[in-house]
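Thanks for coming, everyone. Please put the structure up on the screen, and I'll walk you through it.

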Amino acid sequence: MHAHPNYPLSRRQLYKLVNLFVKWLRIKVRPEVRALIEKYGHTTLNTLTVARVGVLLDDSTLTSPADDNFDGRYRETQKRIRNFTDSPVIVDVWCRTASLGDPDEDA
């Protein structure tokens, strides 16, 4: 991930951006907007995220929804995430940190 091709971000900078985003959600966003984000926010269900959510929910059978049952499986997984925590957005951020790697090592 790069902000600009000529100015790549280090992993430490990426972690800082994620942390600032979470802090912004908690502190700077008006309560009524934050409530809407919490109410309607979802966790992205790509392959990496589904694997991390499976670990979080202790479900080794969790897989990405197939096209023929996408809507049902998507809603079921989002409901399970919401039952685990009231913040699917935070779960999404947590899942994405796995792809950032170690903040003390630059690739």
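Confidence first. The chain has an average pLDDT of 77, and 83% of its residues score at least 70. pLDDT is the predictor's per-residue confidence, on a scale from 0 to 100. Strand β1, residues 2-4, has the lowest mean among the elements, 55, while α4 has the highest, 87. Where pLDDT is low, the coordinates should not be read in detail.

Now the ground rules. This is a predicted model, so local features need pLDDT of at least 70 and side-chain atom pairs need 80 or more, while totals for chains, interfaces and linings use all residues. Residues are numbered from 1 along each chain as its sequence is written, and side-chain values use heavy atoms, with hydrogens and water left out.

Next, the layout. The chain has five helices and two strands. From the N terminus, the order is β-β-α-α-α-α-α. Helices here are DSSP runs of H or I with at least four residues, strands are runs of E with at least two, and both are numbered from the N terminus.

Some totals. The chain has 107 residues, and 26% of them are buried. Buried means under 20% relative accessible area, exposed means over 50%, and partly exposed is in between, with a 1.4 Å probe and protein chains only. The accessible surface is about 7,600 Å², with 55% belonging to carbon and sulfur atoms. That area comes from the Shrake-Rupley method with a 1.4 Å probe; for residues, only the protein chains shown count as cover. Of the contacts with a separation of 6 or more, 65% are between residues 24 or more positions apart. A contact means heavy atoms within 4.5 Å.

On to α3. Which of its residues are buried? They are T49, V50, V53 and G54. Seen down the axis of α3, these buried residues fall within an arc of 140°, so they line one face of the helix. The arc is taken over the directions from the helix axis to the C-beta atoms. T47 and V55 are exposed on the other side of α3.

Take T49, in helix α3. T49 counts as buried because its relative accessibility is 2%. Beyond residues up to four places away in sequence, T49 touches T43, T44 and C95.

C95 also belongs to the largest nonpolar core. That core has eight residues: L45, V50, V53, L57, L62, I81, V91 and C95. By nonpolar core I mean buried Ala, Val, Leu, Ile, Met, Phe, Trp, Tyr and Cys residues joined through side-chain atoms within 4.5 Å.

One more stop on α5, residues 88-100: I90 lies there. I90 counts as partly exposed because its relative accessibility is 35%. I90 and G41 are 49 residues apart in sequence, yet 9.5 Å apart C-alpha to C-alpha.

Last, the loop between α3 and α4. D58 sits in this loop. D58 is not a glycine, yet has a positive phi of about 55°. Most residues other than glycine have a negative phi. Is D58 buried or exposed? D58 is exposed, with a relative accessible area of 72%.

D59 lies in the loop between α3 (47-56) and α4 (70-84). D59 counts as buried because its relative accessibility is 16%. The side chains of D59 and T61 make a polar contact of 2.5 Å. A polar contact is a pair of N or O atoms within 3.5 Å; within protein, one must be able to donate a hydrogen and the other to accept it, and residues adjacent in sequence count only if both atoms are side-chain atoms.
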